[in-house]
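Morning, everyone. Let's look at one model together. Here it is on the screen.

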Amino acid sequence: MQTIVPIHNMVNEQAWRYILMWERGQGGEKCGGVQLTSFKGDSKKITPRAWYRNKLFGHDLPFDRHDWVVDRCGTRIDYVIDFYSIIPTEEEAQKLQNGDGGARFFLDVRPKLNTWEGFKLRVVRALNL
């Protein structure tokens, strides 16, 4: 547990940084910043993006999924986070075995498309506005 807890915290902090990047410039600073109101992990539930990446392109499925809800000055925004392991190179694997390296993860963090706000955030990002 002494090893797992710091890694878990580090990964969640990175997820929060990604959410803050999505939220930058969206008005949350008017009320002191966005706040995490709830989160739920569900490693068995596959997001549509992860399913398509797996079926169409042969990518690995995520090892975990979280659904986080944030409050931006009274506006609820749902986020989904897919957690992927990055397969280490031979050199990195050797370092891990020797205790010299750290676990590597890729986080796919994005607003859900279940609300107008989530849809809007994704469109603005896709169009780079």
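Which residues in H1 meet which residues in H4? Met21, Trp22 and Glu23 in H1 meet Leu121, Arg122 and Arg125 in H4. By class, that contact has three nonpolar, no polar and three charged residues. Nonpolar covers Ala, Val, Leu, Ile, Met, Phe, Trp, Tyr, Cys and Pro; charged covers Asp, Glu, Lys and Arg; the others, Gly among them, are polar.

Some ground rules. This is a predicted model, where local features need pLDDT of at least 70, side-chain atom pairs count only at pLDDT 80 or more, and totals for chains, interfaces and linings use all residues. Numbering starts from 1 along each chain as its sequence is written, and side-chain values use heavy atoms, with hydrogens and water left out. Contact means heavy atoms within 4.5 Å. Helices (H or I, at least four residues) and strands (E, at least two) are DSSP runs, numbered from the N terminus.

Now, Glu23. It is found in helix H1. Buried means under 20%, exposed over 50%, partly exposed in between, with a 1.4 Å probe and protein chains only. Beyond neighbours within four places in sequence, Glu23 is in contact with Val34, Val70, Arg72, Ile77, Tyr79 and Leu121. Take Val70: 47 residues apart from Glu23 along the chain, yet their C-alpha atoms are separated by 9.8 Å.

Last stop, Thr47. It sits in the loop between strand E1 (35-41) and helix H2 (48-57). Buried or exposed? Thr47 is buried, with a relative accessible area of 2%. Leaving aside neighbours within four places in sequence, Thr47 contacts Arg65, Val80, Asp82 and Arg110.
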